[in-house]
Amino acid sequence: MAEITTITVREAIDEVKQQFGEEGDVQITDAHVIRWINRGAREMAIRTKYLQETVTTDLLADVATYDFATDSGRLMNIDSVQVSGNPVGIITVVEADRDVSSLDPQRQNSAPVPSRAWIDNGVLHLHPKPSMAVTGGLRIKYIAYPEKVTDAADLLPVPDRLYNTILSFCLAQAQYLDADHPQAKQATEEFEQSMARQSQLQNAPANSMYAQIQEDPDDYAYDSGYGF
C-alpha cells in the first residue's frame, strides 16, 4: 500500500507560524520553514528509511553493469535486488573489490541468475554476469533521499503519517533561532519521541494493519492547540 501524501508545504508553514505564535522575538519566514522542512525530511529519511523506491528494467545478456544514476540519484542504499524473480545477495564495494576481483578479475563468468550485486556511484554491478536477456528481469528496491521542496504549493516531502514529526523538527529550529533553549529542547524531545515511534512502526512485523493509517498519539495535541 502506497504512502499517503496530501499536505502542502503551505499548510505546514502556516501551522509552524501559528504554533510559534507571538511569543518569539524573531520573525519566522516561509524561507525559514521550507529550509527546515527539507533538512528535517532528509534526517527522517536517514533514520526511518520511510522513502522506498522500485526500479524495473530489462536484463541484458552478458551485461554486468546497469547505470541507475538518473533513476536513483537520490539513492541512499539498496534494499533488495531481484533477477528474473530470484533474490540476489547484496555486498559492499569493499567486498566486491576483495572477493569478486580476485576470483574473476576479468569478469568473464556468467550464469542465468547472478549471485551477488553491489552499487558503486549509482551503477549496479552483477556477478556473475547474466547469461540471458529477460524483459523486465531486473528489479531493484532502494531507500531514497526525499526530493527538495522549493515552493509553498509543493506537497510535503514526507507522508501524512510523519506530519507531526516534521512539525516538531521545524518548531525546534524556530525556537533555536529565537534563542529559546528550553522550548527548543522540549520541541526536540517531541521530535525524537515521534521518530522513535515511527521507526518502531517502520520495523514492526507485517500484520493486518498498515503503519501509515494508524493514529499518531501526537494528533490530539496538535488538533487541540497544545502541541509544540
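Residues are numbered from 1 along each chain as its sequence is written, and side-chain values use heavy atoms, with hydrogens and water left out. In this predicted model, local features need pLDDT of at least 70, side-chain atom pairs count only at pLDDT 80 or more, and totals for chains, interfaces and linings use all residues. Helices (H or I, at least four residues) and strands (E, at least two) are DSSP runs, numbered from the N terminus.

Two packed helices are described by the angle between their axes and the distance between the axes. Axes are lines fitted to C-alpha atoms, for helices over the stretch in contact; angles run from 0 to 180 degrees between N-to-C directions.

Helix α1 spans residues 9-20, and helix α4 spans residues 163-177. Their axes come within 10 Å and cross at roughly 50 degrees. α1 is therefore oblique to α4 (under 35 degrees is roughly parallel, over 145 roughly antiparallel, 65 to 115 roughly perpendicular, and the rest oblique). The crossing is right-handed, the near helix being turned clockwise from the far one by less than a right angle. On the α1 side, the contact (heavy atoms within 4.5 Å) is made by Glu-11, Ala-12, Glu-15, Val-16, Gln-19 and Phe-20. α4 contributes Tyr-163, Leu-167, Cys-170, Leu-171, Ala-174 and Gln-175. By class, this contact of α1 with α4 has eight nonpolar, two polar and two charged residues. Here Ala, Val, Leu, Ile, Met, Phe, Trp, Tyr, Cys and Pro count as nonpolar, Asp, Glu, Lys and Arg as charged, and the others, Gly among them, as polar.

Helix α2 (residues 30-48) also packs against α4, with axes that come within 9 Å and cross at roughly 125 degrees. This angle makes α2 oblique to α4. The crossing is again right-handed. From α2, the residues in contact are His-32, Val-33, Trp-36, Ile-37, Arg-39, Gly-40, Ala-41 and Met-44. They meet Thr-165, Ile-166, Phe-169, Cys-170, Gln-173, Ala-174 and Leu-177 of α4. The contact of α2 with α4 divides into 10 nonpolar, four polar and one charged.

The axes of α1 and α2 come within 10 Å and cross at roughly 110 degrees. The two helices are therefore roughly perpendicular to each other. Their crossing is right-handed. Val-9, Arg-10, Ala-12, Ile-13, Val-16 and Lys-17 of α1 meet Asp-30, Val-33, Ile-34 and Ile-37 of α2. This contact has seven nonpolar, no polar and three charged residues.

Asp-14 lies in α1. Its relative accessibility is 39%, so Asp-14 counts as partly exposed (buried is under 20% relative accessible area, exposed over 50%, partly exposed in between, with a 1.4 Å probe and protein chains only). The C-alpha atoms of Asp-14 and Val-33 are separated by 9.4 Å, at 19 residues apart along the chain.

Strands of a sheet pair through backbone hydrogen bonds, either parallel or antiparallel. The open sheet has seven strands in the order β1-β9-β3-β4-β6-β7-β2, with mixed pairing. Pairing requires at least two DSSP bridges between two strands. The edge strands, β1 (52-59) and β2 (65-67), each pair on one side only. Neighbouring strands are turned by 30 degrees against each other on average, direction ignored. Strands β6 (residues 116-120) and β7 (residues 123-127) pair in the antiparallel sense over five bridges. Trp-118 has His-125 in β7 as its bridge partner. Helix α3 (residues 93-103) packs on the sheet and touches β6 and β7. The direction of α3 makes about 125 degrees with that of β6.
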